[in-house]
Amino acid sequence: EYCKILASHLLKRKLYPEEVDASYVETIYQAAPLHDIGKVAISDAILRKPGKLTDEEFETMKRHAEFGAETLRRVSAQYPDNAFLAMGIAIASSHHEKWNGMGYPLGLKAEAIPLPGRIMAIADVYDALRSKRCYKEGFSHEKSMGIMVNDAGTHFDPQLIEVLSSIEKEFNTIHEAWSGGAAQPVITSPD
C-alpha cells in the first residue's frame with residue numbers, strides 16, 4: 001500500500017516520467033511484497049532473535065537482499081519479459097541501499113539505486129519505525145516522519161521524501177488500518 005500510494009503521487013506529479021506510469025504503479029504494488037523474499041535463506045535463529053544481532057549475524061542478515069534477488073533472477077530467466085519479476089528483482093536487490101552510498105549490498109548511491117528500491121526503502125523503514133518489535137515499541141507517526149525527513153539526502157532520495165511529506169497523512173491512514181486488525185484499507189490513486 002505504501003509503495004502504491006507513493007508511486008501514484010509520483011505519477012500525478014509527473015516525477016520520473018520515463019519510468020512511472022499507471023502500469024508501474026500497479027506493478028510496484030504487486031511486487032513490493034517480494035522485498036524480503038531472501039529471508040527464507042536466513043536461519044530462524046537470526047530472524048527470530050529477540051535482542052540485538054552480533055556483527056556476524058547482521059552480516060548474514062544483510063545477505064537476504066542478494067539471496068532474494070538471485071532467487072528472482074533464476075525465475076526470471078524462464079520469463080525474461082515479465083515486468084513483475086523485473087520489479088521484484090530491483091526491489092529485493094536495492095531496498096537497503098542508501099542515497100549516500102552507505103547501504104548494502106552494493107553500496108549504490110543516489111540515482112544509481114533503482115527507483116523501485118528507493119520507493120521500497122521508504123515504505124520499509126516507515127513500517128519498521130511504526131511497528132512494534134521484540135526489541136522496541138512502535139514509534140508514533142510524528143516521530144517516524146521526523147526520523148525519515150531528517151534522513152533525506154543520506155538514507156533516502158530527497159525528492160521522494162518531499163513527496164512523502166506532502167502525503168504523510170495517507171501513510172498514517174494505511175498504518176492505522178493495517179495495525180488495528182482492520183480489513184484491507186481501500187486507498188485510491190490520486191486524480
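User: Which side chain does His96 join in a polar contact?
Analyst: The side chain of His64, at 3.3 Å. A polar contact is a pair of N or O atoms within 3.5 Å; within protein, one must be able to donate a hydrogen and the other to accept it, and residues adjacent in sequence count only if both atoms are side-chain atoms. This is a predicted model, where local features need pLDDT of at least 70, side-chain atom pairs count only at pLDDT 80 or more, and totals for chains, interfaces and linings use all residues. Residues are numbered from 1 along each chain as its sequence is written, and side-chain values use heavy atoms, with hydrogens and water left out.

User: Where does His96 lie?
Analyst: In the loop between α6 (83–94) and α7 (115–130). Helices are DSSP runs (H or I, at least four residues), numbered from the N terminus.

User: And what does His96 touch?
Analyst: Leaving out residues up to four places away in sequence, His96 touches Asp36, His64, Gly103, Tyr104 and Asp124. Contact means heavy atoms within 4.5 Å.

User: Switching to α5 and α6. At what angle do the axes cross?
Analyst: Roughly 165°, with the axes of α5 (residues 64–76) and α6 coming within 8 Å. Axes are lines fitted to C-alpha atoms, for helices over the stretch in contact, and angles run from 0 to 180 degrees between N-to-C directions. That makes α5 roughly antiparallel to α6, a label for angles over 145 degrees.

User: Which residues meet there?
Analyst: From α5, Ala65, Gly68, Ala69, Leu72, Arg73, Val75 and Ser76; from α6, Leu85, Gly88, Ile89, Ala92 and Ser93.

User: Now the largest nonpolar core. Which members touch the most others?
Analyst: Of its 34 residues, these are Leu10, Tyr24, Ile28, Ile119, Ile122, Met148 and Phe171. A nonpolar core is a set of buried Ala, Val, Leu, Ile, Met, Phe, Trp, Tyr and Cys residues joined through side-chain atoms within 4.5 Å, and buried means under 20% relative accessible area (1.4 Å probe, protein chains only).

User: Which helix gives the most to this core?
Analyst: α7, with eight residues.

User: What about Phe171, what does it touch?
Analyst: Tyr2, Ile5, Leu6, Ile122, Tyr126 and Leu164, again not counting residues up to four places away in sequence.

User: How many residues of α1 are buried?
Analyst: Nine of the 11, so α1 is largely enclosed by the rest of the structure. Among them are Lys4, Ser8 and His9.

User: Which helices do they pack against?
Analyst: The buried residues of α1 pack against α2, α7, α9 and α10. Just after α1, Lys14 takes a positive phi of about 60°.

Methods: Helix = DSSP H or I, 4+ residues; strand = E, 2+ residues; numbered from the N terminus. Buried < 20%, exposed > 50% of the residue type's maximum accessible area, 1.4 Å probe, protein only. Parallel < 35°, antiparallel > 145°, perpendicular 65-115°, else oblique.
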